[in-house]
Amino acid sequence: MATVFIDYQRLVMQAYEQQKENNTLPHGLMHLTPAKLKEECMKKCTTDVSRKDEKVIRDFCGDLNDSKSCQVILQRCDTDKFRPLVNYLKGKSVSTDEKNIELLAWLIDFPGRPWEMRKTITGDDGIKEGVVLNDTSAAAGIPAARFGFLAMPPATGSNTHPGDPVIPEIPIHLSSTDDAGDKENEGIKTVEPSHQKQIGRKSTKILAAAVMVSLVLGTGGMWWWRDKLGSGGCMYWHEDHYEPVACDQKIPYTTVIALDAEKLKHFRKITRPDTITYDAVGKVWYAKIKGKMEYYTWAGEHPEVSGYQLKKITPYIIDVHIHPTVSTKQ
């Protein structure tokens, strides 16, 4: 099933939601805080950890030193690095970095981990039978807004498929009596044949309207999602912004990551730092790479340096690095 990362993410989240319903989540995931999540990772590191899992831990913490054990890496890992995953699982954010999803897959022992290009993962790999979750998107238990889809009503019947428009059933209670003196069904209104025809016509109109509404919503959702994705389900950093790209396309010397609609739209490198004023405090982030200051319009990880988190700009940074002559005159 999973050929792009967003499909893999759905399955991981579905497995997480099911374990949550079963009360089988690890302690650090049941009581979500950055500190408890970090503690849970360190605890899990005491068991057997595969090389692929070690890479997930190193990528998450931004420490690629092979000589260090995963316990040492996690112990030195900044607790704030766990906050984005906590916020995502609590529903405070609608998207998160792929490294956070991989860490979650490791914590819940998702058998299809980690995601790899063209890797086939079935929904049965991480989902156990016996639990019915409220299905609000293509992956049960995951809010549809997290993936940008319009939620469709739950399908009924054995021949329905996910995504098919659902025709609501209109119950019509009809009753008749064998003779006028029969009191057995007293209290139930008898519907005459002419009235039955009227109800039948109204029901047909209601069903037709329901089909039309479902088709409009489904088509609208498809075009909205297609517009968000651009030309592919992934993206890469190009000079001062992200560009959408197909996940199987290779860009030389460039890392291709899962598409994030918000980053794609808002994440920009500020090429004219002299335009930054004190109003930018809380709205602009910076990084010092090889002794050179860089400024961005979005928070998170540096687009080209893996594991390097951008920092919020402060009046001190503006005084020292952007407008030093102004602060000196004052």
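This is a predicted model: local features need pLDDT of at least 70, side-chain atom pairs count only at pLDDT 80 or more; totals for chains, interfaces and linings use all residues.

Q: Which parts of the chain does the Cys45 and Cys70 pair tie together?

A: Cys45 sits in the loop between α3 (34-44) and α4 (51-61), while Cys70 belongs to helix α5 (residues 70-76), so the bond ties together parts that are 25 residues apart in sequence.

Q: Are those two cysteines buried or exposed?

A: For this you need a cut-off: buried means under 20% relative accessible area. Cys45 is buried, at 3%, and Cys70 is buried too, at 7%.

Q: And what about the link of Cys234 and Cys247: is it right-handed or left-handed?

A: The angle about the S-S bond is 95 degrees, and the link is right-handed. This pair links distant parts of the chain, 13 residues apart: Cys234 is in strand β1 (residues 234-238), and Cys247 is in the loop between β2 (241-245) and β3 (257-258). Cys234 has a relative accessible area of 3% and is buried; Cys247 is buried as well, at 5%.

Q: What is the pairing if I number the bonded cysteines in sequence order?

A: You get 1-2, 3-4 for the protein chain. While you're looking at cysteines, check Cys61, which counts as buried at 8% relative accessibility, and Cys77, which is buried at 4%.

Q: Now helices. Which residues of α10 are buried?

A: Start with the general idea: an α-helix has 3.6 residues a turn, so residues three or four places apart point the same way. In helix α10 (residues 315-322), Ile317, Ile318 and Ile322 are buried. Looking down the axis of α10, you'd find its buried residues within an arc of 100 degrees, so they line one face of the helix.

Q: Which strands does α10 lie across?

A: It's β4 and β5 that α10 lies across, and the helix runs at about 130 degrees to β5.

Q: What order do the strands have in the open sheet of three strands?

A: In general, strands of a sheet pair through backbone hydrogen bonds, either parallel or antiparallel. Here the order is β5-β4-β6, and the pairing is antiparallel. The edge strands, each pairing on one side only, are β5 (292-296) and β6 (311-312). Strand β4 (residues 285-289) pairs with β5 over five bridges. To find one of these on screen, pick Lys288: its bridge partner in β5 is Met293.

Q: Let's zoom out. How many helices and strands are there in the protein chain?

A: The protein chain has 11 helices and six strands. Of its 330 residues, 37% are buried. The accessible surface comes to about 20,300 Å², and carbon and sulfur atoms account for 53% of that.

Q: And the contacts: what share joins residues at least 24 apart?

A: Take the contacts between residues at least 6 apart in sequence; among these, 58% join residues at least 24 apart.

Definitions and conventions
Residues are numbered from 1 along each chain as its sequence is written. Side-chain values use heavy atoms; hydrogens and water are left out. Helices (H or I, at least four residues) and strands (E, at least two) are DSSP runs, numbered from the N terminus. Buried means under 20% relative accessible area, exposed over 50%, partly exposed in between (1.4 Å probe, protein chains only). A disulfide is a pair of cysteine sulfur atoms within 2.5 Å. The arc is that of the directions from the helix axis to the C-beta atoms. Contact means heavy atoms within 4.5 Å. Accessible areas come from the Shrake-Rupley method with a 1.4 Å probe; for residues, only the protein chains shown count as cover. Two strands pair if DSSP finds at least two bridges between them. Axes are lines fitted to C-alpha atoms, for helices over the stretch in contact, and angles run from 0 to 180 degrees between N-to-C directions.
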